[in-house]
Amino acid sequence: MSDCLFCRITRKEIPAQIVFESDLALAFKDINPQAPTHILIIPKKHLTGLSVADPEDAPVLGEIQIIAKNLAEQMNLTTGYRLVLNNGRGAGQSVDHLHYHLLGGRRMTWPPG
Ligand code: AMP
Ligand code: ZN
């Protein structure tokens, strides 16, 4: 059993503001939001990052994009939203459990920092 932060949130050992849950995935509010809407969407399975995902993980990775779309609709992100995955320290990953950031509610710039 992993003692990683997001595994503990998945097991409800650490509180989080959960906005969606399925058999394979969990979505909860980011504790340090970078936009008016900032949700993290994770597979319940512990994967340290996208770089260790296997073809067998494709169902949950696909489901996460549908969850993001549905949450964006529910949260009225009508002018646009961004779905971000940071893989590795060089890309800004700080929690070693694969997660996507759903960001919206403000104007986004490109390229990202
Ligand atoms: P990353 O830097 O891409 O690894 O993103 C990790 C994210 O997890 C950051 O945006 C943090 O604010 C967020 N975070 C860290 N601890 C918690 C927590 N206990 N509950 C919710 N979000 C968290
Ligand atoms: Zn984990």
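**Zinc site, fold and cores of the predicted model**

In this predicted model, four residues coordinate the zinc ion (ligand 2): Cys4 and Cys7 through SG, and His46 and His97 through ND1, at 2.1 to 2.3 Å. The site of the zinc ion (ligand 2) is tetrahedral, with angles of 105 to 114° among its four donor atoms. Along the sequence, the spacing of the donor residues of the zinc ion (ligand 2) is C-x2-C-x38-H-x50-H. Cys4 belongs to the segment before α1 (5–10), while His97 belongs to the loop between β4 (81–84) and β5, so this pair ties together parts that lie 93 residues apart in sequence. Cys4 has a relative accessibility of 15% and therefore counts as buried, the limit for this class being under 20%. His97 is also buried, and its relative accessible area is 0%.

The protein chain contains two helices and five strands. Read from the N terminus, the order of these elements is α-β-β-β-α-β-β. The radius of gyration of the protein chain is 14 Å, close to the 13 Å given by the globule rule for 113 residues, so the chain is as compact as a globular protein of that length. A box of roughly 40 × 30 × 25 Å, taken along the principal axes, is filled by the C-alpha atoms of the protein chain. Of the 113 residues in the protein chain, 36% are buried. Among contacts in the protein chain with a separation of 6 or more, 53% are between residues 24 or more positions apart.

Strand β1 (residues 18–21) runs antiparallel to β2, and three bridges join the two strands. β1 and β2 form a hairpin, with three residues between them. Phe20 stands opposite Ala27 in β2.

The largest nonpolar core consists of 14 residues, and Ile39, Ile41, Ile64, Leu71 and Leu102 have the most contacts inside it. At least two residues of this core come from each of β2 (25–29), β3 (37–43), α2 (58–74) and β5 (100–104). The element that gives the most to this core is α2, with six residues. When residues up to four places away in sequence are not counted, Leu71 touches Val19, Phe20, Ala27, Ile39, Ile41 and Leu102. A second, separate core has nine residues, including Cys7, Ile9, Leu26 and Phe28. Cys7 in this second core is also one of the residues that coordinate the zinc ion (ligand 2).

Some details of the backbone remain to be described. Most residues other than glycine have a negative phi, and most peptide bonds are trans. The peptide bond from Trp110 to Pro111 is cis, with omega near 0°, and Pro111 is placed in the segment after β5. Lys12 is a residue other than glycine with a positive phi, near 65°. Lys12 is placed in the loop between α1 and β1 and counts as partly exposed because its relative accessibility is 47%. Asn76, which is not a glycine, has a positive phi of about 55°. Asn76 is found in the loop between α2 and β4 and is exposed, with a relative accessible area of 58%.

Key:
Residues numbered from 1 in each chain as written. Chains lettered and ligands numbered in written order. Predicted model: local features only at pLDDT ≥ 70, side-chain atom pairs only at ≥ 80, totals over all residues. Heavy atoms only, no water. Core = buried A, V, L, I, M, F, W, Y, C linked by side-chain atoms within 4.5 Å. Buried < 20%, exposed > 50% of the residue type's maximum accessible area, 1.4 Å probe, protein only. Helix = DSSP H or I, 4+ residues; strand = E, 2+ residues; numbered from the N terminus. Contact = heavy atoms within 4.5 Å. Donors = N, O, S within 2.8 Å, 3.2 Å for Na, K, Ca; no water. Tetrahedral: all angles 85-135°; square planar, octahedral: opposite > 155°, others 65-115°. Pairing = 2+ DSSP bridges. Rg over C-alpha atoms; globule rule 2.2 N^0.38 Å.
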